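Subject: Structure for your files

Hello,

Here is the structure we talked about handing over. Please open it alongside these notes.

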Amino acid sequence: AVQHYLQQIEARRHLNAYVYIYAEEALKRAAELDASRKAGKPTGKLHGVVIALKDVIAYKDHPLTAASKILEGFKPVFNATAVERLLAEEAIIIGSTNCDEFAMGSTNENSAYGKVLNALDESRVPGGSSGGSAVAVQANQCMVSLGSDTGGSVRQPADFCGVVGLKPTYGRISRHGLIAYASSFDQIGIFANNVPDVALVLEIIAGPDDFDSTGAQQPVDAYSNLTPLPSKPLRIAYFKEALESPALDKEIRNSILEFTKKLQADGHTVEPVDFEYLDFIVPAYYILTTAESSSNLSRYDGVKYGHRNVEKNNSLTEFYCATRSEGFGWEVKRRIMLGTFVLSAGYYDAYFTKAQQVRKLLVEKINLIFSQFDAILLPTAPSTAFTIGEKTEDPISMYLADIFTVFSNLTGIPTISIPLFWHSNGMPYGLQIMTNQFSELYLLQLSQLWM
Ligand code: GLN
């Protein structure tokens, strides 16, 4: 299997899905695992499963750069908890995948390693920020990959590439060893070609962890035991305002509406619910995440990690300034400035406090909806994959395209994108399904039913 995936990587190296490939090491580990199995030793649940990691997830003694020049040369001295758990079940890590710098972006065009191409149409982006992880699964360059999802970075690239992408409940998977973008939003997520593969990997990496105090204590369900749901009528909601949004592609709208009609014909209740907050979710998301990221990224000062400017050192300020100016890309700088602004004394209440209030309202809204419904359906993105360069000059329009994904991170609920549809432009797109906190098993069962 490792040889097969290495061949696939080489055959389409230009897709640029991987930033580091651990060919020899992966082959050696495969041989060792094979020998151990042949010697009659019990095998792990992921024996020989070939996995790629987004370049924001720590794999001990291997490069970890968040696709940023500022982390050039950095190697972590410990494994992320998720990686530790994968390895304990005998998975094989084949390499680390390209992404937007510090997971900030929706196209994978903000990477120090260059852009990633969508394997289905190389003139298009794969989505982002976990574009490399999505393409690695899409182009058959690994079995499963991990990404991170702060505002849609697993679901949106899964949607653009035609694969399955899951963002679990906030706190379901330990963030220990995940480079922080916005800590109260970040969650590790999983890409695969099918729901059972996602379920099995989730079962292994989820669960409490002493190294992450924000991790959930809830016991982990046997996600891989995807028994079919009992055939009772489901109560499904969709956001009326979202489907009426002028930004939504008409074909996408129609296929979601047709899907809801099909569910109704099968005897399920499907109802539109008012979602009066639609216009506030993208601003609230970008205020809160830039605030958190400006604080999280202050640690990259050229002293502790990676890149440093050694010439400009007349004063500490000059040194920090030169190092950070060289090390960070434009999008990251934009967000550090935005975040610093919204946290500044004069504007804190007008922006940060307001956005926190919006977040609270959204959580109340979601609790109300889940007291009446089992699941919410939404498109994953308002359009299919953008063409390369289409949105690079217009960050606001790029941010607005996150309209359907950021909601689940603001509220912390588990959400999946499953590839159900094809557009007349030849590109795939998905259905986004959301369920209540910690109901991943149910979410996966629903997905399996509909895929
Ligand atoms: N596109 C969003 C952003 O740029 C989502 C990023 C993410 O989920 N990491 O913030």
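Predicted model: local features only at pLDDT ≥ 70, side-chain atom pairs only at ≥ 80, totals over all residues.

Residues are numbered from 1 along each chain as its sequence is written, and side-chain values use heavy atoms, with hydrogens and water left out.

The ligand

There are 15 residues around the ligand, and those that come nearest are Thr-150, Gly-151, Ser-153, Tyr-181 and Tyr-285 (a residue is near if one of its heavy atoms lies within 4 Å). By class, this shell has five nonpolar, seven polar and three charged residues. Here Ala, Val, Leu, Ile, Met, Phe, Trp, Tyr, Cys and Pro count as nonpolar, Asp, Glu, Lys and Arg as charged, and the others, Gly among them, as polar.

A ligand nitrogen is 2.8 Å from a polar backbone atom of Ala-103. Ligand oxygen is found 2.9 Å from a polar backbone atom of Gly-105 and 3.3 Å from one of Gly-152. Taken alone the ligand exposes 300 Å², and the protein buries 99% of that (accessible areas by the Shrake-Rupley method with a 1.4 Å probe).

The cavities

The structure holds three cavities of 30 Å³ or more. A cavity is a set of points, on a 1 Å grid over the protein atoms alone, where a 1.4 Å probe fits but cannot get out; lining residues have an atom within 4 Å of a point. A volume is the space filled by probe spheres set on the points, which are joined across faces, edges and corners.

The space taken by the ligand is the largest cavity (a molecule sits in a cavity if more than half of its atoms lie within 2 Å of its grid points). The volume of this cavity is about 90 Å³. Its lining has 13 residues, with Gly-105, Gly-151, Ser-153, Tyr-285 and Asp-402 nearest the centre. That lining divides into four nonpolar, seven polar and two charged residues.

The second largest cavity has a volume of about 40 Å³. Among the residues that line it are Tyr-22, Asp-55, His-62 and Ser-96. Strands E2 (50–54) and E3 (92–97) each supply at least two residues of this lining; helices (H or I, at least four residues) and strands (E, at least two) are DSSP runs, numbered from the N terminus. Its classes are six nonpolar, three polar and two charged.

The largest pocket

A pocket is an open set of points with protein on both sides within 12 Å along at least five of seven lines. About 260 Å³ of space lies in the largest one. Of its 21 lining residues, Glu-109, Asn-110, Trp-330, Glu-331 and Arg-334 are the closest to the centre. Helices H11 (330–343) and H13 (395–400) are the elements that give two or more residues to the lining, and H11 has the largest share, with four. By class, eight lining residues are nonpolar, seven polar and six charged.

Two backbone details

Ala-103 lies in the loop between E3 and H4. Phi of Ala-103 is near 65 degrees, a positive value in a residue other than glycine. Ser-129 lies in the loop between E3 and helix H4 (131–138), and the peptide bond from Gly-128 to Ser-129 is cis, with omega near 10 degrees.

Regards

Terms used: Polar contact = N/O pair within 3.5 Å; in protein donor to acceptor, adjacent residues only side chain to side chain.
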